[in-house]
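Me: Could you walk me through one part of this model in some detail? I'd like the cut-offs spelled out as you go.

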Amino acid sequence: GTARHGRVMRDAFARAPRAVTLDASLITPTDIFFLCVTCFGCFAIQALSQRAFARRGPNWFTALSAGARVDIGIRCASAVWGTIAASATIPVIVPVIMRGTTVMDRVYTVMPRARALCCAACGYFVWDVCVSLKYYDGIYVTHAIASVITFGMPQLMPNGFLHYYGVVFILWECSLPFLTARTILIKSGRGSTMAFYIAQTLGFGLFIALRFFMGLPVMYTYLMDAYEMYSRGLATPKPVYAFYVAGGLMFQIFNCIWVFGMARTVLRGKKKRV
């Protein structure tokens, strides 16, 4: 019993890479392709959505300030990314979760399409850095930069590093289409309609459920996994594991700030950007 369990655990960790260092040569042309397609695709959707709204000439859009019109375009790009990301992520991560995972499954495992999804997420957040620097404040810039590093660094490690966690985090983006719809309904003067309340409920509900109630347990699991790898002398390079510990805590702080902001918006009945 106990001896067999210990032998199985040792065998599971036998495949863990030793003395790992960050290596840029591990980045493949396919990685760069998915990064660039997502990044430039977001810029294109941002511009095209603004042009589409302007060509139709609805009074609500043309009456907005230049900054508000840009914000609509940015949110449209985010909505498209969130829809595609969630649709692509669910068939990748659900089977893995259903069959159960070990420490090595979560830290080092090669899942179909997971690497491409992480590279695409990196491209999305490169775009996010650009628009956040130009149009938004510090918390959005910090979140975007940290996200680029979070999704980019695993591609400098042996294949499969933290792809499990990366795909789980990408799933969080599925709230973006509903939050975008909520903003458009507010800007178009339909902030008291049934469609608005449905979009707000789904957007806020998914955001809170995935990033808060799911996010905290996932963060705890990663902390335990990192400790297990460290205790076995497999957490190399140590600064990388430390970054993800600190980064995970920082993202949860951001999520808590946004969750409380959403709760305050609902309780006060204010229809503002969250």
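In which helix does aspartate 31 lie, and what is around there?

Reply: First, the ground rules: this is a predicted model, where local features need pLDDT of at least 70 and side-chain atom pairs count only at pLDDT 80 or more, while totals for chains, interfaces and linings use all residues. Residues are numbered from 1 along each chain as its sequence is written, and side-chain values use heavy atoms, with hydrogens and water left out.

Aspartate 31 lies in helix α2, residues 29-56 (helices are DSSP runs of H or I with at least four residues, numbered from the N terminus). Aspartate 31 is buried, at a relative accessible area of 5% (buried is under 20%, exposed over 50%, partly exposed in between, with a 1.4 Å probe and protein chains only). Its side chain makes a polar contact with the side chain of arginine 115, at 2.8 Å (that is, a pair of N or O atoms within 3.5 Å; within protein, one must be able to donate a hydrogen and the other to accept it, and residues adjacent in sequence count only if both atoms are side-chain atoms). Setting aside residues up to four places away in sequence, aspartate 31 touches Leu26, Arg115, Cys119 and Gln155 (contact is heavy atoms within 4.5 Å).

Now for helix α6, which covers residues 114-135. Its 22 residues should span 32 Å at 1.5 Å a residue, and the end C-alpha atoms are 31 Å apart, which agrees (the expected span is 1.5 Å times one less than the number of residues). Because 16 of those 22 residues are buried, α6 is largely enclosed by the rest of the structure.

The largest cavity has a volume of about 660 Å³, and α6 gives the most to its lining, with six residues. Among the 33 lining residues, the closest to the cavity's centre are Tyr124, Tyr140, His143, Leu176 and Arg211. The largest pocket comes to about 290 Å³, and α2, α4 and α6 each supply at least two residues of its lining. Of the 16 residues lining that pocket, Val37, Thr38, Trp81, Ile84 and Ala120 are the closest to its centre.

On the definitions: on a 1 Å grid over the protein atoms alone, a cavity is a set of points where a 1.4 Å probe fits but cannot get out, a pocket is an open set with protein on both sides within 12 Å along at least five of seven lines, and lining residues have an atom within 4 Å of a point. Grid points are joined across faces, edges and corners, and a volume is the space filled by probe spheres set on the points.
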